[in-house]
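Please examine the fold shown below.

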Amino acid sequence: MKKIIAFKDVILDKQFQSRAKGIDVPHVADLMVAYEGPDSETVETPRVFEIMGRSGYYLTRGFHRIEALSRSGKTRAEFEVRSGTVADALMDSAVSNVGHGLKMTAKDKRRCVTMMLQASPELSDRLIGVRCGVSHT
């Protein structure tokens, strides 16, 4: 489901930030330009989770996009809203940058694997590798 949500109502919990370094300022600048351009509709919609047993919307995808919109003076945006457990939100965030957007660093890949293991330690090395875009070793 998609919903317009004010940024003040979105929880930016570092637990769900898949980038090891956090915000990359040059990438935010690129996104600001993308949002102002004719292809702004092609920028992926950020995603939040309503986590069972917690209140609020937890951002799992779109930390850079929200930063770009905020720096452009926006106070709200359309979000894809999902519901689930903390593990569901962690797994969603962990794979959010695989195959698109800002290139993942080695530290980002390690963080992705760590998040997947935290969310579902029973997953096989091969499945984690596939989901995180890394080797199973």
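## Secondary structure

In this predicted model, the protein chain contains 5 helices and 5 strands. Their order along the sequence is β-β-α-β-β-α-β-α-α-α.

## Overall dimensions and surface

A compact globule of 137 residues would have a radius of gyration near 14 Å, and the protein chain, with 15 Å, agrees with that expectation. Taken along the principal axes, the box filled by the C-alpha atoms is roughly 45 × 35 × 20 Å.

The accessible surface of the protein chain is about 7,700 Å², and carbon and sulfur atoms contribute 54% of this area. The protein chain carries 21 positive and 17 negative side chains; the centres of these two sets are 4 Å apart.

## Contacts along the sequence

How much of the protein chain is buried? Of its 137 residues, 42% are buried.

In soluble globular proteins, nonpolar side chains tend to be buried together. In this model, the largest nonpolar core has 17 residues, and those that touch the most other members are Ile-5, Phe-7, Val-10, Val-48, Leu-59 and Phe-79. Two or more residues of this core come from each of helix 1 (25–36), strand 4 (57–61), helix 2 (63–71) and strand 5 (76–84). Helix 2 gives the largest share, 4 residues.

Val-10 illustrates how parts of the sequence come together. Leaving out residues up to four places away in sequence, Val-10 touches Ile-5, Val-48, Tyr-57, Leu-59 and Phe-79. Another core, of 15 residues, lies apart from the largest one, and its members include Ala-89, Leu-90, Cys-112 and Ile-128.

## Thr-45, a residue in a loop

Where is Thr-45 found? Thr-45 belongs to the loop between helix 1 and strand 3 (47–51). Is Thr-45 buried or exposed? A residue counts as buried when its relative accessible area is under 20%; Thr-45 has a value of 17%, and is therefore buried.

Which residues does Thr-45 contact, aside from its neighbours within four places in sequence? These contacts are with Lys-2, Arg-65, Glu-78, Phe-79 and Glu-80. Thr-45 and Arg-61 are separated by 16 residues in sequence, and their C-alpha atoms lie 8.4 Å apart in space.

Conventions. Residues numbered from 1 in each chain as written. Predicted model: local features only at pLDDT ≥ 70, side-chain atom pairs only at ≥ 80, totals over all residues. Heavy atoms only, no water. Rg over C-alpha atoms; globule rule 2.2 N^0.38 Å. Buried < 20%, exposed > 50% of the residue type's maximum accessible area, 1.4 Å probe, protein only. Areas by Shrake-Rupley, 256 points an atom, 1.4 Å probe, with all protein chains shown as cover. Lys, Arg positive; Asp, Glu negative; His and termini not counted. Charge placed at Lys NZ, Arg CZ, Asp CG, Glu CD. Core = buried A, V, L, I, M, F, W, Y, C linked by side-chain atoms within 4.5 Å. Contact = heavy atoms within 4.5 Å.
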